Amino acid sequence: MNLEIKNLSKTYDNGVEAMKDVNLSIGKGMFGLLGPNGAGKSTLMRTIATLQDADAGTVHFGDIDVAKDPDALRRTLGYLPQEFGVYPSVTAEEVLNHIADLKGIAKKKERKEVVEVLLRKINLYDVRKKKLGTYSGGMKQRFGIGQALLGDPQLIIADEPTAGLDPIERNRFYNLLSEIGENIVVILSTHIVEDVSTLCNDMAIIGDGEVLLTGSPEAIEDSLNGKLWELQIEKSEIKSYESEFNVISSRFHMGKLIITVVADDSPSEKFTAKVPALEDAYFNVLFNQQQGVAI
């Protein structure tokens, strides 16, 4: 089943336009929704997950009209919200058994087997009887995706799932998501470029509530082939270069500032060509949006 989002818009009471005519078609596999904080990602995820209503537009998952039949969507949805709270004084095993019961796995023996398999999959079986309040951030995130997997969902939404994780826990989380994201629709909403470049076969970049660019990460990277140039400069020179060139990003290396510029040809003999990465394409899209340039 595909997830079809058409003309979705949402304006909050304070006047913030969180979604502006969003259109996306998302098929099976890992789909990355990449954008800075405040871009509208969580609003879109909450709308798909039936936690809030849009002002206009539609969301369909296969034959399910999400606005008209939210319960049907919920029966096939696994959701890991950005802020995932846990009951600190109960164990992972107890909570997963309870959630499994709520999701319709009524027989005790079947529920026990499902929970045991799941705990092994998320690498928490050895600590299944420990209280959730003692878990590290990474363990809590693995528990979060575990509860989202209960009930054999066909659509999984993970909203900023790796924020705050250390590199080791992030890699564990990548491995877990890559295992489950082959035969169902998985939406990974994040501001971390590495999440998308590592896991996703399709993606969209969102900013200020608008979808700015869609495509595969490889195609989006390749769009900048032959157009990226680097130069090491003094920190005091940055304003001068920004006024003269399309400087999409800068980074420090050994105390020196290295700028990345987008141009059809080398800006000068001082610049060297740069092989594009997804991060460069992301910065370029956001730069163009800030400049009011059509992408």
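Visitor: How many aromatic pairs does a search of the whole structure find?

Guide: A pair of aromatic rings is described by the distance of the centres and the angle of the planes. Rings of Phe, Tyr and Trp (its six-membered ring) pair if their centres lie within 6.5 Å, and planes under 30 degrees apart count as stacked, over 60 as edge-to-face and the rest as tilted. The search finds four such pairs, one of which, F245 with F271, is edge-to-face at 5.5 Å centre to centre and 70° between the planes. F245 lies in the loop between α9 (238–244) and β12 (247–253), and F271 in the loop between β13 (256–262) and β14 (272–273), so the pair ties together parts 26 residues apart in sequence; helices (H or I, at least four residues) and strands (E, at least two) are DSSP runs, numbered from the N terminus. This is a predicted model, in which local features need pLDDT of at least 70 and side-chain atom pairs pLDDT 80 or more, while totals for chains, interfaces and linings use all residues. Residues are numbered from 1 along each chain as its sequence is written, and side-chain values use heavy atoms, leaving out hydrogens and water.

Visitor: Is F271 buried or exposed?

Guide: Buried means under 20% relative accessible area, exposed over 50%, and partly exposed in between (1.4 Å probe, protein chains only). F271 is buried at 6%, and F245 is buried at 17%. Together with Y241, F245 and F271 form one aromatic cluster.

Visitor: Which residues touch the most other members of the largest nonpolar core?

Guide: In soluble globular proteins, nonpolar side chains tend to be buried together. A nonpolar core is a set of buried Ala, Val, Leu, Ile, Met, Phe, Trp, Tyr and Cys residues joined through side-chain atoms within 4.5 Å. Among the 53 residues of the largest one, these are L119, L124, I145 and L177.
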